[in-house]
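Welcome to this tour! Open your viewer, get your selection tool ready, and we will go from stop to stop together.

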Amino acid sequence: MLNKVTNHEVDRRLLLKGAAAGGLGIAGATMLAGCAGGGTGPISFGARTVDESPTIQLKGLVDAYVAKTGNEVTYNATESNAFQNNLSQYLQGTPDDCFQWMAGYRMQFFASQDLLVDISDVWDEIGDQYNESYKIASTGLDGKQYFVPQSWYPWGLHFRKSMMAEIGMNPEDIYNWDDFMAALEELKGQGLIGLASADKGGWEAMGTFDILNARINGYQFHVDLLGGREKWTDDRVKDVFAHWEKLLPYMNTNVLDLEWDGAMQLLLQRQAGFFFNGSWFGGNFLEQSQEDYDDLMIVPFPEINPDHGRDTVDAPIDGFCVAKNGSNNDGGKDLIKFAGDMEGVQAMLDTGIPMTSANNGQDRSSYDAFQTQQLAVMNEAKYITQFLDRDTRPDFAGPIVGPAFQGWFKDPTSVDSMLESLQSQWDALPAL
Amino acid sequence: MSTTAAEKKTSRRRRTFSGRDKLTLGLFIGLPTFLHVALVWFPALATIYLSFTYWTGIHIEDIQWSGLANYQNIFFETPRFWEAVKVNVVWLLWFGAIATPLGILLAYQIDREIRGHKFYQSAYYLPVVLSMAVIGIIWNFLLRPDGFVNGLLGLPISEAVSFFGDDRYNLWVILIMASWRHIGYIMLLYLAGLKAIDATLREAAAIDGATEWETFRKVIFPAMQPVNIIVIVITIIESIRAFDMVYIIYGGRGGLPILGVLVFENIAGEGASMKGAAYAVILFLLSIVPIIAYLQQQFREDVR
């Protein structure tokens, strides 16, 4: 990867390409000059959600942009799984000018395939509103920016304050593994599910793996494992599953029949004490009622190995990209610049849908209690990871790790053969 | 003599094609041929070629020859492939031994005009007009943890019967769902064939004192040969290419492994690799080879 960036070998073909690109650049510049002053022509925006709350939020953003610039924007929404499955084809066909996507490896892959527009100039304008870490997360392997962050959320243990008060448990006091096991045992004694879990979608359980691996073996090992520099057959990985197995008796038995929102229902309906998930589902609680939302709270996953404390958290960043094959790249850039600028962020916040923006301009004192606690969970961590399927090769995460974890849920004693199989499947992957 | 006659014949025949005829023929043969080659043969051959390469599916120039690596990976490194083969085989056996014979039995009973046959006919035919995807959606509503059946049983989500997640039930639940449609489909095909059978055949058999079962086995069934071939081919194809219903229920990532889903998992989305193409080729061979073998044997028998 590094080679790619530093290799400045110049050959004839590259020069020709450069010349062609330069020519295009000049043409683009003249076109831009022609456009200056007027609108940029119709823009299409691709949302990767059809859920109620995020749709309200994104429409708020688009409406504010239209009101400000007078540009025409079409809003196209696709259900998120379908959107992800089709993304390659979508970007090669006639994509929307800008679309909702995720930071990290998943963005870098498409950027290096030349399917995203370099938006470094957008970062020149709005970059000072963001911390350096967000810029790094928005940067492709070639050192240019391809992504504008919208929001972040931590993965942690979610619970209902009122439920915990009734039981007389204080989740803030759950600091380490023993505390956690004791709490789960107590919940079980009350006839409740300790830890609501889901893995029907094949990705939900990856969050639990991430946090257990980071807690037990530390950030560096986790990153190295996902990067292929450590082996899945390592005893340290087995230890992760040994811990995970201890959690199984406290989970609902139909993990493989529930998707994340099914497990969320268990918390919403007060059947489960804890739900380990990304905090994005706050909006779903708010859809139920303000009361449910106010009752929601999060604590970090407990410490397991004192060497690593609670120093790592999965905190994926969602945001926007501009598709190179879109018909209006300048319009797409203009729209995501607005989305990244505090003005656009404010428009999204004004919809009343809870959001923790990546933008420094969002007044942290305006955070509600749940958001403040999300920030605290983030701040306690020294290392931020994205998520298993955003931190490793997509042809490994989706078709290989997902089904392997599902198989483990069916038969936890199969851990050794599962890990051997994971490693041999990793080894069989083509070089990138 | 004979050669000149033949020449005359051909030349005469040739002359009978006017320019307009040629144009019409050209259009009628050329256009479908072109479409067939472009839409069936080209993608099929391209898939076979790509199954021997590494490619992310984006830039043509990134295609790298990999030899048999994808196949090695599937056969030796991917336990999920063998799980999927097992499921597809069970599916085929189920369809072959239970669903298809049931369809034939129903067709026979309805053809005998048992009481209420009109009602049965409509009831069993109803699912056939629905696509497998729609059937998946309907049954998912019924059987998911917060669905109708678990609601009827009074089970909360946490204690719900795991119809799709638990290995004890999921395959059988899916097979019953698929049979729900398959039985009606086979019934319809068979019924059409039965209606075309000469009633005198039955009469003759009855006069000769054949029992109902003997009549079916020795008279009706052999007379139905063309329909039987279609039914067998359809049973094989439907069981091996099964995809849509499972995809609807499990969302195309993980879940019950079947070959169709493995193709999709490995070729769609960000994880695209030509392992998916290799799965597609395997699936193609699995469905085409038994069918060709079967048809060849049938035609040989017919010639004899």
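Predicted model: local features only at pLDDT ≥ 70, side-chain atom pairs only at ≥ 80, totals over all residues.

**Stop 1: the backbone at A:Arg270**

Stay here for a moment and look at the backbone. A:Arg270 has a positive phi of about 60 degrees, although the residue is not a glycine. Now show the residues around it. A:Arg270 counts as partly exposed because 13 other C-beta atoms lie within 10 Å, and a residue would need 20 or more of them to be called buried.

**Stop 2**

Next, select A:Thr233. This residue is found in the loop between α10 (204-226) and α11 (235-247) of chain A.

**Stop 2**

Zoom out and colour chain A in two parts. Domain 1 covers 40-153 + 317-361, and domain 2 covers 155-314 + 372-427. Taken over C-alpha atoms, the centres of these two domains of chain A are separated by 28 Å. Where they meet, 14 residues of domain 1 of chain A are in contact with 15 residues of domain 2 of chain A. To find the domain 1 side of this contact, highlight α3 (52-69) and α5 (105-112) of chain A, each of which supplies at least two residues. Colouring that side by class shows eight nonpolar, four polar and two charged residues.

**Stop 3: the two domains of chain B**

Now switch to chain B. Here the domain assignment gives domain 1 (13-65) and domain 2 (71-303). Their C-alpha centres lie 31 Å apart. Nine residues from domain 1 of chain B and six residues from domain 2 of chain B take part in the contact. On the domain 1 side, select α2 (19-50) and β1 (53-54) of chain B, which each supply at least two residues. The largest share of that side, three residues, comes from α2(B). By class, the domain 1 side in chain B has four nonpolar, five polar and no charged residues.

**Stop 4: a loop in chain B**

Select B:Glu113, in the loop between α4 and α5 (117-125) of chain B. Phi of B:Glu113 is near 55 degrees, a positive value in a residue other than glycine. B:Glu113 counts as exposed because the residue has 9 C-beta neighbours inside 10 Å, and 12 or fewer is the cut-off for that label.

**Stop 5: where the chains meet**

For the last stop, show both chains together. How many residues of chain B are in contact with chain A? There are 34, and they touch 37 residues of chain A. On the chain B side, highlight α3 (69-77), α4 (79-111) and α13 (259-267), each supplying at least two residues. Colour that side by class to pick out 11 nonpolar, 16 polar and seven charged residues.

Terms used: Residues numbered from 1 in each chain as written. Chains lettered and ligands numbered in written order. Contact = placed C-beta atoms within 7 Å. Helix = DSSP H or I, 4+ residues; strand = E, 2+ residues; numbered from the N terminus. Nonpolar A, V, L, I, M, F, W, Y, C, P; charged D, E, K, R; others polar. Domains from an automatic or database assignment.
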